Amino acid sequence: MNKKIWAIVLAGGQGKRMNSSVHKQYLLIHDRPVLYYTLHAFENSRADGIVLVCGSGEIDYCREKIVDRYGFKKVLKIVEGGAERYHSVYNGLKAIEEASCVLIHDGARPFVTEDIIDRNIECVKEYGACVTAMPSKDTIKIADECGFVADTPDRSRTWIVQTPQTFEFALIKKAYEKLLSENMTGITDDAMVVEQALGYPIKFVEGSYTNIKITTPEDLKIAQILV
């Protein structure tokens, strides 16, 4: 399968902070699931193919209720995730046979835009690795182990990281293989995998303050307004 630009959309989260029996990516925003809006953005983007990574036992549900129902033609593979986020990403990477770059995106971020996706693609062509982010509006405090302020970084240098996070395919796959082979810990996002495993520099690319992640009931209320 000779596809150049791939997107991995992670839709395996349980959404415990939503206080809902329905996983957050399947909650409805104006009669359509959160995941619909996410996939719609990539369907209309320059991505050639999408790997949808779902929860255990949810492949048939995603295919029938999301992909087929809404006619997403670019979702070429649906795979199950793993115990942790990094296992899910690696399962997505293994489903891609050949690519120039891959965008890794949270399925619960429904307001990613084609412009954000384009900026990621162009940025990775020049720098090899980039993360979507926005300058922090608030002062950030670093806490010590006892809950006291340990440091206050310069706000002009602090960014709020979002997704997609985009990489040359060979680079991100090599980083994840090293992560898993060496049992590295404390990894919280894909950029950190590349930073820690390979020491590779990551470029910031502008996202949007509306590119929110649906995590709490308050986020869902905001999403209803944004749609």
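1. Ile-212 lies in the loop between E11 and H7, where helices (H or I, at least four residues) and strands (E, at least two) are DSSP runs numbered from the N terminus. At 18% relative accessibility Ile-212 counts as buried; buried means under 20% relative accessible area, exposed over 50%, and partly exposed in between, for a 1.4 Å probe and protein chains only. Its C-alpha atom is separated by 12 Å from that of Ile-225, a residue 13 positions away along the chain.

2. A word on the basis of this note: the model is predicted, local features need pLDDT of at least 70, side-chain atom pairs count only at pLDDT 80 or more, and totals for chains, interfaces and linings use all residues. Residues are numbered from 1 along each chain as its sequence is written, and side-chain values use heavy atoms, with hydrogens and water left out.

3. Ile-212 also belongs to the lining of the second largest pocket, together with Arg-109, Met-134, Ser-136, Lys-137, Asp-138, Ile-140, Ile-160, Gln-162, Ser-208, Tyr-209 and Asn-211. On a 1 Å grid over the protein atoms alone, a pocket is an open set of points with protein on both sides within 12 Å along at least five of seven lines, and lining residues have an atom within 4 Å of a point. The second largest pocket holds about 200 Å³ of space, a volume being the space filled by probe spheres set on the grid points, which are joined across faces, edges and corners. Its lining divides into five nonpolar, four polar and three charged residues, with Ala, Val, Leu, Ile, Met, Phe, Trp, Tyr, Cys and Pro counted as nonpolar, Asp, Glu, Lys and Arg as charged, and the others, Gly among them, as polar.

4. The count of salt bridges comes to nine, where a salt bridge is a side-chain nitrogen of Lys or Arg within 4 Å of a carboxyl oxygen of Asp or Glu. One of them pairs Lys-213 with Asp-106, whose closest N and O atoms are 3.9 Å apart. This pair links distant parts of the chain, since Lys-213 is in the loop between strand E11 (203–206) and helix H7 (217–226) while Asp-106 is in strand E6, 107 residues apart. Lys-213 is partly exposed at 31% relative accessibility, whereas Asp-106, at 9%, counts as buried. Both residues belong to a network of salt bridges that also links Arg-85, Arg-109 and Asp-190, and Arg-109 is named as well in the lining of the second largest pocket.

5. Another salt bridge joins the side chains of Lys-77 and Glu-97, at 3.6 Å from N to O. Lys-77 lies in strand E5 (residues 75–80) and Glu-97 in the loop between helix H3 (85–94) and strand E6 (101–106), so the pair ties together parts that are 20 residues apart in sequence. Glu-97 is exposed, with a relative accessible area of 57%.

6. The salt bridge between Asp-60 and Arg-63, with the closest N and O atoms 3.4 Å apart, is placed within a helix: both residues lie in H2 (residues 59–70), three residues apart, about one turn of the helix. Asp-60 is partly exposed at 48% relative accessibility, and Arg-63 is partly exposed at 34%.

7. Strand E10 (residues 159–168) contains Trp-159, which has a relative accessible area of 32% and is therefore partly exposed. Trp-159, Val-161 and Phe-204 make a nonpolar surface patch of about 250 Å²; patches are made of residues with over 30% relative accessible area and no salt bridge, like charges being joined within 9 Å and nonpolar side chains (Val, Leu, Ile, Met, Phe, Trp, Tyr) within 5 Å. Accessible areas come from the Shrake-Rupley method with a 1.4 Å probe, and for residues only the protein chains shown count as cover. Pro-164 also lies in strand E10, and a cis peptide bond with omega of about 15 degrees joins Thr-163 to Pro-164.

8. Two backbone angles deserve a look in the model. His-30, in the loop between strand E2 (28–29) and strand E3 (32–33), has a phi near 50 degrees, a positive value in a residue other than glycine. Asp-31, placed in the loop between E2 and E3, has a positive phi of about 75 degrees although it is not a glycine. His-30 is partly exposed at 46%, while Asp-31 counts as exposed at 67% relative accessibility.

How values were computed
On a 1 Å grid over the protein atoms alone, a cavity is a set of points where a 1.4 Å probe fits but cannot get out, and a pocket is an open set with protein on both sides within 12 Å along at least five of seven lines; lining residues have an atom within 4 Å of a point.
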